Amino acid sequence: MALNTAYAVKYGTTVLAGLTNLNTSLNPEVQAESSIGTPFPQFAVITAQKPRLAFASNAVAAALAVTGSTGAKVDGTNGLIGYYAKIGDDGLPASGSVHRTYTANRGLLLPRRLTCNHRQSASLDMEALLFSADGAAHPIAIADNVALPTLATNNIQHTLAGISFGLTASVVTFGCAQSLSIDFGSGAETLGCGSDLYDAHLQLPSVKPVITITGIDAAVFGSTGVPAVGKAIDHANTAIYLRKYATNGIGFVANGTAEHIKITCHGLAVVTQHNAQGTTRGEVTLQITGSWDGTNAPLQIDTASAIA
Amino acid sequence: MAKEKTNPAAAAAEVAPTAAQLASAVKSVMAIIGCGQIDALTRLKGLPASRVIQIASLEDANKRKEVVTLLYS
């Protein structure tokens, strides 16, 4: 037996960098019911499997460029491959085509949650919902004789920067942000037919993104910020920036260079709480619920933006 | 059954979008659908070149709402 370790994920020809975990799950639904005569189940059956590939990355710009805010289609042109490296006797990935892959050609690669804390690199959780061509073919193909792809260096990372939101002539600056979390709110689901083991369809019935920001400047809440009843916001006057660290780790890329991430949103902002524990500083939590403006998706992501 | 006629001359006259036009069209599709760049490009490859150029032109003219109609027609 040889050990193995998560190595990479490839979408189409793009090797996603900066992964911090990789989970391939089959999510079997197993029925095993007891009937009269014995407490033990007399028949156990797998009624369904809903395979998923889930992973997180610190290379959020590259990852968001793939997924956008609503997801990227996994198909024959842009397949999804999860790589697990076989570990050699020296403890490092072995040479040659000896590694394992899980390949899927039907599904949707979704962004699930983007998180970024003060002075921390942003991280994006992603999940691919996979389905079958016909309900009979397994959505995932396993191979054990595969070479590893070339990894991109994980030195392109972003962290919190300025946040402002509102409408024309009433833009609020969110002071002293401490954390940002974006739940992309995808309601994507796979569906099957006729008791087939594997789903053969996928639908995206809802996308309801929610942004949660915490900060220690209470001015964001009140007469000069967001009133208690909430505040409408639009894309043109909302900007959440994630600034890019210099690739050598010394400081940041200049604000005017179009290498930062800008996220805009249309929807409703409301302060959910002003909270403090003991004698520690209080924190204000702002929640933004995205909605459609009639043209654009609720979240707009530009992974090559300057900071205004 | 009548055989569908093709027009080789018209096909040959189809002008491919420039890189700038393609970038504008990608930007428009990404904004409307919320998808990533690769998906937007894939969608655009499924459209006639003239439609892609039309989308780019509307995007550049700040008429994204009309692109929505165009995308689904």
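Which element gives the most to the lining of the largest pocket? In this predicted model, the answer is E24(A), with 6 residues.

## The largest pocket

Rolling a probe the size of a water molecule over the atoms shows where empty space is left. The largest pocket holds about 530 Å³ of space. It is lined by 22 residues, and those closest to its centre are Gln300(A), Ile301(A), Asp302(A), Lys27(B) and Arg64(B).

Both chains take part in this lining: at least two residues each come from helix H1 (60-67), strand E21 (260-265) and strand E24 (299-305) of chain A, and from helix H2 (19-33) of chain B. By class, you will find 9 nonpolar, 9 polar and 4 charged residues in the lining of the largest pocket.

## The second largest pocket

The second largest pocket has a volume of about 290 Å³. From chain A, its lining takes Thr70(A), Val207(A), Gly290(A), Ser291(A), Trp292(A), Thr295(A), Ala297(A) and Pro298(A).

## H2 against H3 in chain B

Two packed helices are described by the angle between their axes and the distance between the axes. For H2(B) and helix H3 (residues 37-45) of chain B, the axes come within 9 Å and cross at roughly 110°. An angle of 65 to 115 degrees counts as roughly perpendicular, so that is how H2(B) lies relative to H3(B). The crossing of the two is right-handed.

On the H2(B) side, the contact uses Leu22(B), Ala25(B), Val26(B), Val29(B), Met30(B) and Ile33(B). They meet Gln37(B), Ala40(B), Leu41(B), Arg43(B) and Leu44(B) of H3(B). Sorted by class, this contact of H2(B) with H3(B) has 9 nonpolar residues, 1 polar and 1 charged.

## H5 and its two partners

Now for helix H5 (residues 64-71) of chain B, which packs with helix H4 (residues 49-60) of chain B at an angle of about 160°, their axes 8 Å apart. Angles over 145 degrees count as roughly antiparallel, and H4(B) and H5(B) are therefore roughly antiparallel to each other. Their crossing is left-handed. Arg51(B), Gln54(B), Ile55(B), Leu58(B) and Glu59(B) of H4(B) touch Arg64(B), Glu66(B), Val67(B), Leu70(B) and Leu71(B) of H5(B). The class count for the contact of H4(B) with H5(B) is 5 nonpolar, 1 polar and 4 charged.

How do H2(B) and H5(B) cross, and at roughly what angle? Their axes come within 10 Å and cross at roughly 85°, so H2(B) and H5(B) are roughly perpendicular to each other. Here Lys27(B), Ser28(B), Val29(B), Ala31(B), Ile32(B) and Ile33(B) in H2(B) meet Arg64(B), Val67(B), Val68(B) and Leu71(B) in H5(B). The residues of this contact of H2(B) with H5(B) comprise 7 nonpolar, 1 polar and 2 charged.

Lys27(B) and Arg64(B) belong to the contact of H2(B) with H5(B), and both are among the residues closest to the centre of the largest pocket.

Key. Residues are numbered from 1 along each chain as its sequence is written. Chains are lettered from A and ligands numbered from 1 in the order in which they are written. This is a predicted model: local features need pLDDT of at least 70, side-chain atom pairs count only at pLDDT 80 or more; totals for chains, interfaces and linings use all residues. Side-chain values use heavy atoms; hydrogens and water are left out. On a 1 Å grid over the protein atoms alone, a cavity is a set of points where a 1.4 Å probe fits but cannot get out, and a pocket is an open set with protein on both sides within 12 Å along at least five of seven lines; lining residues have an atom within 4 Å of a point. Grid points are joined across faces, edges and corners, and a volume is the space filled by probe spheres set on the points. Helices (H or I, at least four residues) and strands (E, at least two) are DSSP runs, numbered from the N terminus. Ala, Val, Leu, Ile, Met, Phe, Trp, Tyr, Cys and Pro count as nonpolar, Asp, Glu, Lys and Arg as charged, and the others, Gly among them, as polar. Axes are lines fitted to C-alpha atoms, for helices over the stretch in contact, and angles run from 0 to 180 degrees between N-to-C directions. Angles under 35 degrees count as roughly parallel, over 145 as roughly antiparallel, 65 to 115 as roughly perpendicular and the rest as oblique. A crossing is left-handed if the near helix is turned anticlockwise from the far one by less than a right angle, and right-handed if clockwise. Contact means heavy atoms within 4.5 Å.
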